[in-house]
Amino acid sequence: MALARPPILSLSSAELETWLGANDMPAYRRRQVWGWLARGAASFQEMHDVPKQLRTALERDFRITSLQPVAVSQADRALTTKTLFELEGGHSVEAVVMRYTDRSTLCISSQAGCPIGCPFCATGKFPFGRNLKAHEIVEQAVDTVRLLAVEDRRLSHVVFMGMGEPMANYQAVIESVRRFSNAELLGISPRRIVVSTSGLIPRIVQLAEEQLPVTLAISLHAARDELRDVLVPINRKYPVHDLVEAAQAYAAKTGRRVSYEWVLLADVNDTERDAKELGRLLRRKLAHVNLIPFNPVEDTPYRAPARAAIRRFKEMVEAQGLNVTVRDTRGREADAACGQLHERVMRSKVAVS
Ligand code: SAH
Ligand code: SF4
């Protein structure tokens, strides 16, 4: 069987220029092709200021993307779109785009499945699949640019909050961030990119050295080890005080405020005791707390708190002197918390097989 043509974004800038040279084309054409991809081109043929001969050679040797959309779901009156993509080899991942008046944010996946296994998370319930390659991460954004271009919208923000633990696929994630921020490709400033992690301390230390001022989000969910050991199992290896120390070193080094995520689980981490422990942990730090109402996942023992309990917890955390917001529940109907569309599709696959 002939090997499939590689996706164009699997080539680095230097590799694409070498290919151009081998096809008697000047290196600057690389920038032109990337420009078309960044504007959402769906085929090489539509790159009309690229010579016909080059378009044909590109088509012969490459594909635009390696991702295959297999399910799409809409929510919030079509302001949220979630796509499940099949990767080469059969695993699937999801990406969710959320449209706002002044920006469009894409939530992307870095792994098929996740090895961390948080018990409230749909992604953690499936066996780990594999790491995504950098181009597979970038293609989620390029495919979204295409979707948004039709609506005259630009992709402005990217958050690594889909499936997977980005810090467990470090090199590919860093390479994809460099491509997102490359002005010749998507031109999204690292400040508009959020990398969310369950807390792999050595990678946070490494990230601080990259000269890449992305916003770091720490999935905290509990301020005491005893509870965090259960909710975020990696805590047994990297305990919460060490984690906050590493995150604050990141803040000091980059000048970027760290965002601490807190999935609110009724009667588990929404009590006065939790608010006080959180206060003790983060007071006077360059930190922001983001409360995320739990998006219910089947076969977990957790429930979402009532609206009044969410408000109460927010007030208790504010009373501790912390900066705190409640994340909107965008995409709930689209199964938009990590892994949920994937879970529904997997369940239906199991049901028919
Ligand atoms: N693995 C990384 C990034 C992906 S998860 C991490 O854990 O940070 C992105 C965020 O979604 C995390 O804060 C995670 O705890 C949260 N999350 C997972 N499942 C959720 C659910 N069912 N409801 C609400 N938030 C959830
Ligand atoms: Fe993995 Fe994040 Fe889900 Fe935990 S919350 S299982 S780290 S994707």
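A word on terms first: domain bounds here come from an automatic or database domain assignment. For this chain, that assignment gives domain 1 as 8–61 and domain 2 as 68–352. Keep in mind that this is a predicted model.

Start with the layout. Over C-alpha atoms, the centres of domain 1 and domain 2 are 33 Å apart. Where they touch, domain 1 brings 15 residues into contact with 12 residues of domain 2.

Now the area. The size of an interface is often given as the accessible area lost when the parts come together. Between domain 1 and domain 2, about 1100 Å² is buried. Carbon and sulfur atoms carry 61% of that.

Which residues of domain 1 lose the most area to domain 2? Leu 9, Trp 34 and Ala 38. Together they make up 52% of what the domain 1 side buries.

The rule finds 2 salt bridges across the interface of domain 1 and domain 2.

Which element gives the most to the side of domain 1 that touches domain 2? Helix 2, residues 29–38, with 6 residues. As for composition, that side of domain 1 divides into 7 nonpolar, 5 polar and 3 charged residues.

That's the interface. Over to you.

Key: Residues are numbered from 1 along each chain as its sequence is written. Chains are lettered from A and ligands numbered from 1 in the order in which they are written. This is a predicted model: local features need pLDDT of at least 70, side-chain atom pairs count only at pLDDT 80 or more; totals for chains, interfaces and linings use all residues. Side-chain values use heavy atoms; hydrogens and water are left out. Contact means heavy atoms within 4.5 Å. Buried area is the accessible area (1.4 Å probe) that two parts lose on being put together, summed over both. A salt bridge is a side-chain nitrogen of Lys or Arg within 4 Å of a carboxyl oxygen of Asp or Glu. Helices (H or I, at least four residues) and strands (E, at least two) are DSSP runs, numbered from the N terminus. Ala, Val, Leu, Ile, Met, Phe, Trp, Tyr, Cys and Pro count as nonpolar, Asp, Glu, Lys and Arg as charged, and the others, Gly among them, as polar.
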